[in-house]
Amino acid sequence: MISGFENITTATIILILVAGFAAGWIDAVVGGGGLLQLPVLLMIPGITPIQALATNKMGSIFGTATSSVTYYKRVKPDMRTALPMAGVALLGSVGGAVVAASLPGSVFKPIIVAALVAVLLFTAFKPNIGELTALRHTGRKHYAVACIIGLLIGFYDGLIGPGTGSFLVIALVGLMGYAFLEASAKAKIVNLATNAGALMFFLPHGSLLWGVGLAVGGANMAGGYLGARTAVKQGSKFIRVVFLLVVGALIIKLGVDVWNENLAHATLSWFNG
């Protein structure tokens, strides 16, 4: 049995591994694999939301590490931009996790949905965006913009999480001028740092389910390796299509969350009033 859950079924274990593999593949291409992986982890009998979040981060870090190495070998992203961006993203992720402990992510979800809709429309109506790298900034401004993006999206990852990789990709494409392929390569390195930052917060709290995390991590590694190779082979146009699909799924998922939370709040107010 996995991490003390004696009543977990073989079917659930298989589902966890399949979800971990698929999430690793999606994460490697455009990010957003947590949309698939986290709900499946929440199906484990007796698991708490904080355990699911922590275990999801642990599994994801294996996949992002694998896809980062694969991208590095095949795309050769500019580490002079990626590493400082990853460093401030790690700090932002820790800060976001600290705030999340006292401020519910539901406060920000309507804003995130609106931002995702804008991202989807921007990408859909600009079919040539991200085909080729044409940097918008040079010198210190280039690195300053990269670090600001890393800090803000790192904070978001620690605070809420879903779609971090997708936000990184579109920021690198739309604000910095990278092609989708190189943006995905850099996003994985930064996403690896944000996962590490969140884990730094979760580890002292004893929230990790190590057995589940290692199992999901192994599946994530396999999916991440295959996803990165697929993205490199198919190129920026393929990544753009997957990006639009994942962002669309994110909008639906977070939109449903906002609707359900508002409905629950309205129902409670009606009964109390």
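Lys-73, Arg-74, Lys-76, Arg-229 and Lys-233 form a positive surface patch, a patch being made of residues with over 30% relative accessible area and no salt bridge, in which like charges are joined within 9 Å. Lys and Arg count as positive here, while His and the chain ends are not counted; the place of a charge is taken as NZ of Lys or CZ of Arg. Helices α3 (49-75) and α9 (210-234) are the elements that give two or more residues to this patch, helices being DSSP runs (H or I, at least four residues) numbered from the N terminus. Lys-76 is placed in the loop between α3 and α4 (79-100), and this residue is exposed, with a relative accessible area of 55%. Accessible areas come from the Shrake-Rupley method with a 1.4 Å probe; buried means under 20% relative accessible area, exposed over 50%, and partly exposed in between.

The model is predicted: local features need pLDDT of at least 70 and side-chain atom pairs count only at pLDDT 80 or more, whereas totals for chains, interfaces and linings use all residues. Residues are numbered from 1 along each chain as its sequence is written, and side-chain values use heavy atoms, with hydrogens and water left out.

Side chains of opposite charge can pair when their charged atoms come close. Across the whole structure, four salt bridges are found, each defined as a side-chain nitrogen of Lys or Arg within 4 Å of a carboxyl oxygen of Asp or Glu. One of them joins Asp-157 to Lys-57, with the closest N and O atoms 2.7 Å apart. Because Asp-157 lies in helix α6 (residues 139-159) and Lys-57 in helix α3, the pair ties together parts that are 100 residues apart in sequence. Asp-157 is buried at 3% relative accessibility, and Lys-57 is buried at 11%.

Other salt bridges lie within a single helix. Lys-186 pairs with Glu-182 at a closest N and O distance of 2.9 Å; these residues are four apart in helix α8 (residues 180-202), and therefore separated by about one helical turn. Both Lys-186 and Glu-182 are buried. In helix α10, Asp-257 and Lys-253 are likewise four residues apart, and their closest N and O atoms are 2.6 Å apart. Asp-257 is buried at 17% relative accessibility, whereas Lys-253 is partly exposed at 31%.

Helix α10 (residues 236-272) also holds Phe-238, which is partly exposed at 24% relative accessibility. Leaving aside neighbours within four places in sequence, Phe-238 is in contact (heavy atoms within 4.5 Å) with Trp-25, Val-29, Thr-230 and Ala-231.

Terms used. Patches are made of residues with over 30% relative accessible area and no salt bridge: like charges are joined within 9 Å, nonpolar side chains (Val, Leu, Ile, Met, Phe, Trp, Tyr) within 5 Å. Buried means under 20% relative accessible area, exposed over 50%, partly exposed in between (1.4 Å probe, protein chains only).
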